[in-house]
Amino acid sequence: MTSRLPLLPLRDIIVFPHMVVPLFVGRDKSLSALEEAMAGDKQLLLSAQRRAKTDDPDQEDIFSIGTIGHIIQLLRFPKGPVKVLVEGRSRGRIRNFIQADPFFICDVDDVEELDDDSVDVATLMRSVQDVFEDYVKLNARIPPEMLVSVRTIDEPSRLADTIVAHVALKLKDKQQLLETASPAARLQQLSELMQGDIEIRQVEKKLRTRVKKQMEKQQKEYYLNEQMQAIQKELGDRDEFKNELGELEQKIKTKKMSKEAKERCQKELKKLKQMSPMSAEATVVRNYLDWVLALPWEDKTEDRHDILEAEAILEREHYGLKKVKERILEYLAVQALVPRQRGPILCLVGPPGVGKTSLARSIAHATGRKFVRQSLGGVRDEAEIRGHRRTYIGALPGKLIQSLKKVGSQNPVFLLDEIDKMSMDFRGDPASALLEVLDPEQNQTFNDHYLDLDYDLSDTMFITTANQQHAIPLPLQDRLEIIELPGYTEWEKVAIAKQYLIGKQAENNGVKDIDVTWTDEALVQIIHRYTKESGVRNLEREIATVCRKIAKEWLSGGKLADAKFVVSAERLPEWLGIEKYRESRREKDDEIGLANGLAVTMFGGELLTSEVTIVPGKGKLTLTGKLGDVMQESAQAAMSYLRSRAGTFGLSNDFHNKIDIHVHFPEGAIPKDGPSAGITMATAMASALLRIPVRQTVAMTGEVTLRGRVLPIGGLKEKILAAHRAGVTTVLIPDDNRKDLKDIPDMVLAEVAVIPVKTMDEVLRHALAHPDPAEFLREPSSVVDWRIVETMPPADPRDAH
C-alpha cells in the first residue's frame, strides 16, 4: 500500500513501530511538515538522517526506510522549539520524493514483514527475553518493571521493536534492525548486539570492582604507611636531629661573622648536642642559632660613588630640598675618598606631607643601598628596640635586628619614622634605648638583649623623621644631624603639582591619554582655597578629585578622541565644590588699634591681626583670642614699654589708671603662642593710645623687650610669604634676622619691601600713619589727657585721621 506523507527528518534517533517518543522540532522544514500532518490525518514518515550535523538535508542525506508515525500530541512554546509526541505504527519505504520545499513530501510503501517458522521464532523469542533480562541487571537505567512487560509480548516483530528501544546501540545498528523485514532475523541480530554489549558491561563492572578494591587497598596501605612513618619518626628522631646538627655545624664554619659570634655559636651548638631533641631548651637554642646565622654580619651592598648620577636621581624624584640633597652628596663624596666612613645620622624635621619618608627612599636609590623602614609611632617598650632576653618564652630580637635580617644587608638606609611620637611607660623608655643606636661612637658595638652579641651598625645610614623638634628628647637630639624641611611655598607647590602630582594622578585615574590642560591660576586657587597644609598631600587628593570628575565627564560624553578639558579657576567650584578655606587678606583702609602681625603654624605662614580697644576703666589689661603664656607675657612687656615711654608719647604718667586696654586676636578658637607678636601688640596699643592709624600695607614680626629692643624670631621665610599672599607691601623684621633673607625667593623680595629694625621707635615710625614720620618720637609730644577722653563719646576709628 502506498501513501503520500510529509517527511520529518530525525537526528541521532530512530523511531521504531510501537514506540512512543517525544521529539523537539525546531527547523523550519520540519515545522512545516508537522503543520501539514496536523492539517491532515496526523500521519507522517519518521526517517533518520545519515549525518546528524547536516542542518538542511537533501534526499541523499535521508535513509530510505523509516517508520510511519502518528502524532499524539503537539505542544507549542512561546519561544523555542515545538514539542511533539509521536507513536510509531509500521515500517515504510520511500518510493520517491514529491517535493523538497518548503518541506519533504514523499510516496511511502508499507514494508511487509516475512512469516517465519513459529517453533524457531518462539525459541528465539525466549532466548532474547533471557538475554534482555541479563542486560537489565547490568543497566540500572532500565526499570525492572520493563521485564514483566516484555514477557507478556507474544509477537516476534513487536518484541524486537520494543526491546531495541531500550538498548543502547549505535545509530547504524538500529537502522539496520529497522530495515530488517524478517522478525526472526531481527531477533537474532538484536540478541547478538545485546550479548556483545553485555560482555562489555561485564568487563566494565569487573574493572570498576577491581579499581574499587585497589583504591581500598591503597588507602589501607597509605594509612599503614603513615602509622609506620610516625613510629619510625619516634624511633629514628635522633638520626634526623644528628643531620640537623651537622647542617648547623657546616653553616657555622662557612658563615662570615665576628669572632665573638662564631665562638658563641660553637658553644651553643655543643650545648645543643647534649640535649634531647624534644626538650624545650633545645628549641630555644636552635631558634637562637637560626637568628644568628641568618643575620647579614658582613653582607654589604656597594655604594654608588657617581656623584652626578646620584644628584640626577635626587633631582628627578624630589623638587627643592637643597640642604638635604647637598648633605647626601657630601657623604657620597667623602665615602669615595675615605672608604671606612661612618654612616651619617640625619633627622628630617618638618610638617606632614613635605616628603620626609619618600626622600629617605630616594636617598637609598641615589646611594645604591637597600632600604628598610621602621615606624616608631606609639612605641613605648624598650624591648621593641633591644629585644627580649632569651629567658622569656617567645623571646625575639628587637625591630632593628629583625629589619636587618629581612633586608639582608649590613649597610642599608634605615629609616626610623616618626621618632617624635615615641612614649614611655613602666616597660621602659625606647627613646633612651635609641641613644646607643644613633650614636656613631657607640653603635659599632650595639648589643641586642636576645643575641647578647655586639653587632656593628656603624655602616648603616640612619635617617630619622619628626614633625616637631621639641618633642625629641634633648640627649637624642644631640646625636642627630637635624635638617629642617620647611613647608613648601606657593611656587614650589605649583612646580611639584606640574612635575609630579598631575602626571601621577592622571595615570592613576585613567585620564593620561585625554587632553587636559591645567592653568596656574587653578593650581594656586586649589592651594589657597581648597587646602591648608605645608606639604602636598591634600593638594594631591584635590588633583585626583578633578581627574576623576574629568574621567566621568569624558565617559558620559561618548569617549570623544578630540575631547579637551581645561582646568581653570572658574570650573573648580563645579568639580571641587565650595571653597573650604578663607585666604587671609589685609584691610584696605588704615585703622586705629589694628596692626598686622605674622605667625607660623603647622600649615605655613599666616597673617595675624591684632586689635586693641581702649575704654574707661581702672588699668585692667584684657587679653583674648586663646593666647598662650608666652604671648600673654609679651603683651605685658609691650604694655610696660609703652608706660615707660609715656612722656615721649605725650601721655600722662598715670594714664593707665584711668583706662582699660583690651587686646584681641581674631579666630579665637585657634591657640596662639610665641613671643614674635610682641611688636605687633605694642604697635596696636600705641596706635590706640595716640589715636594714630596703623598702615595696613605694613606687617611686622619680632619680640619686644622692656627697653623697646626688637629681638630675632624664627620662621621668617614663611612669614614673609604669608605677607606677600595677603597683599602687604612692607614687612618689618628684627635686624638680627637679616641673615635669613637669603632663603626668601627673589620674586617675593622684588614685590615686598623688607625693613630691618632694631628698636620699637623704628617700628612705630614705619607702621603708624604719622604726618611726619621722620620727626615722630624725636621730641616729647603734647600730653594727651585721658580724663578728657573719659567724657568723650566713642570715636569712629575711620574718622580719627
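Two strands are taken to pair if DSSP finds at least two bridges between them. Strands (E, at least two residues) and helices (H or I, at least four residues) are DSSP runs, numbered from the N terminus. The model is a predicted one: local features need pLDDT of at least 70 and side-chain atom pairs count only at pLDDT 80 or more, while totals for chains, interfaces and linings use all residues. Residues are numbered from 1 along each chain as its sequence is written, and side-chain values use heavy atoms, with hydrogens and water left out.

An open sheet is formed by five strands in the order 8-9-12-7-13, with parallel pairing. Strand 8 (371-375) and strand 13 (481-484) stand at the edges; each has a single partner strand, so one side of each is left without a neighbour in the sheet. On average, neighbouring strands of this sheet are turned by 20 degrees against each other, direction ignored. In general, strands of a sheet pair through backbone hydrogen bonds, either parallel or antiparallel.

Strand 12 (residues 461-466) is joined to strand 7 (residues 345-349) by five bridges, and the two run parallel. Within this pair of strands, V349 stands opposite A466 of strand 12. Helix 14 packs on the sheet, where it touches strand 8, strand 9 (413-417) and strand 12. The direction of helix 14 makes about 155 degrees with that of strand 8; axes are lines fitted to C-alpha atoms, for helices over the stretch in contact, and angles run from 0 to 180 degrees between N-to-C directions. Contact means heavy atoms within 4.5 Å.

Strand 9 is also joined to strand 12, by four bridges, and these two strands run parallel. The bridge partner of F414 in strand 12 is F462.

How many residues of strand 12 are buried? Six of the six are, so strand 12 is largely enclosed by the rest of the structure. Buried means under 20% relative accessible area, exposed over 50%, and partly exposed in between (1.4 Å probe, protein chains only). From strand 12, M461, I463 and T465 point one way, whereas F462, T464 and A466 point the other way, and all are buried.

In helix 14 (residues 399-407), the buried residues are L400, I401, S403, L404 and V407. They cover an arc of only 165 degrees around the axis, which puts them on the same side of helix 14; the arc is that of the directions from the helix axis to the C-beta atoms. After helix 14 comes G408, whose phi is positive, near 70 degrees.

## Aromatic pairs

Rings of Phe, Tyr and Trp (its six-membered ring) pair if their centres lie within 6.5 Å; planes under 30 degrees apart count as stacked, over 60 as edge-to-face and the rest as tilted. By this rule the count comes to five aromatic pairs. The table describes two pairs from this group.

| Pair | Centre distance | Plane angle | Class |
|---|---|---|---|
| F97 and F104 | 5.7 Å | 65 degrees | edge-to-face |
| Y288 and Y450 | 5.9 Å | 50 degrees | tilted |

Y288 is buried at a relative accessible area of 0%, and Y450 is buried at 4%. As for the other pair, F97 is partly exposed, with a relative accessible area of 21%, whereas F104 is buried, with 3%.

T680 is found in helix 23 (residues 678-690). Its relative accessibility is 0%, so T680 counts as buried. Leaving aside neighbours within four places in sequence, T680 is in contact with A595, N596, G597, S610 and M700. A polar atom of the T680 side chain lies 3.5 Å from the backbone oxygen of M700.

S32 belongs to helix 1 (residues 28-39) and, at 24% relative accessibility, counts as partly exposed. With neighbours within four places in sequence left aside, S32 is in contact with P102 and F103. S32 and A280 are 248 residues apart in sequence and 87 Å apart in space, C-alpha to C-alpha.

D740 lies in the loop between strand 23 (730-734) and helix 25 (746-749). D740 is partly exposed, at 24% relative accessibility. The side chain of D740 makes a polar contact with that of N737 (2.8 Å); a polar contact is a pair of N or O atoms within 3.5 Å, and within protein one must be able to donate a hydrogen and the other to accept it, while residues adjacent in sequence count only if both atoms are side-chain atoms.
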